[in-house]
Amino acid sequence: RRRRGLMAGGGGLAWPRILLFGDSITQGSFENGGWGAAIANRLVRKCDVLNRGLSGYNTKWALTVLPKIITRPTDQGTIAAVVVFFGANDSALKGNKLDRCNSVTKEYTQVCVRVATECGTDVLDLWTLMQSENQNFSTYLLDGLHLSEKGSTFLETHLWPLLEKRTGNLPMIFPHWRDIDHLNSQASLLR
């Protein structure tokens, strides 16, 4: 049964979710100043933001474990959005060696953007955004790969409009404290 945009069953509520699925950049997204934490903060009491970051993983490995992350058809009904953030490890693989060359990353990015566009999926071309307007993109990175706090803010600022399209109509879960009838709180909270 539906209640305030939520799936109710077994006495509990299945809150809508956003799934962050990616590599170490996703895994670290809930660190202090991280983009995942900022997204979760924007969506407090609207949906849960789940971090499924897998440091060191590439897309091939991610596809192998994905059925273990989204396990049941009911999972799909509660997912408001999925952010897929792989590529750092894919674009660096040449044979068995890691080669983090900017030109290789650019080529990988272009293919990802093309495929996402062909599939009709929202895509955020972070590589191109970070390279634009003659910006020193290295300020967005801690170590040439992982996001600095400035990079995390940059990502969150550009990712939010895409997520807002998917979550903007979600209601606040449970009423605001000012809207609770203090003389009959149970009726206010369970309507």
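Predicted model: local features only at pLDDT ≥ 70, side-chain atom pairs only at ≥ 80, totals over all residues.
## Where two helices meet

Let us start with a pair of helices. Two packed helices are described by the angle between their axes and the distance between the axes. Here the pair is helix 2, covering residues 35-42, and helix 7, covering residues 149-167. Their axes come within 9 Å and cross at roughly 40°. As for its hand, the crossing of helix 2 and helix 7 is right-handed.

Which residues make the contact? From helix 2 come Trp35, Ala38, Ile39 and Arg42. Helix 7 answers with Ser152, Leu155, Glu156, Leu159, Trp160 and Leu163. Sorted by class, the residues of this contact are 7 nonpolar, 1 polar and 2 charged.

## The largest pocket

Next, look for the largest pocket, with a volume of about 1500 Å³. Its lining has 49 residues, and to find its centre you can look for Val84, Phe85, Phe86, Gly87 and Leu124, which lie nearest to it. By class, the lining of the largest pocket divides into 35 nonpolar, 9 polar and 5 charged residues.

At least two residues each come from helix 3 (59-69), strand 6 (79-85), helix 5 (102-118), helix 6 (126-131) and helix 7. Which of the helices gives the largest share of the lining of the largest pocket? That is helix 5, with 9 residues.

## The second largest pocket

The second largest pocket holds about 240 Å³ of space. Around it are 16 lining residues, with Gly28, Glu31, Leu142, His146 and Leu147 nearest the centre. The lining of the second largest pocket has 4 nonpolar, 10 polar and 2 charged residues.

Note on methods: Residues numbered from 1 in each chain as written. Heavy atoms only, no water. Axes fitted to C-alpha atoms, helices over the stretch in contact; angles between N-to-C directions. Helix = DSSP H or I, 4+ residues; strand = E, 2+ residues; numbered from the N terminus. Left-handed = near helix turned anticlockwise from the far one by under 90°. Contact = heavy atoms within 4.5 Å. Nonpolar A, V, L, I, M, F, W, Y, C, P; charged D, E, K, R; others polar. 1 Å grid on protein atoms, 1.4 Å probe; cavity = no way out; pocket = protein on both sides within 12 Å on 5 of 7 lines; lining within 4 Å. Points joined across faces, edges and corners; volume = space filled by probe spheres on them.
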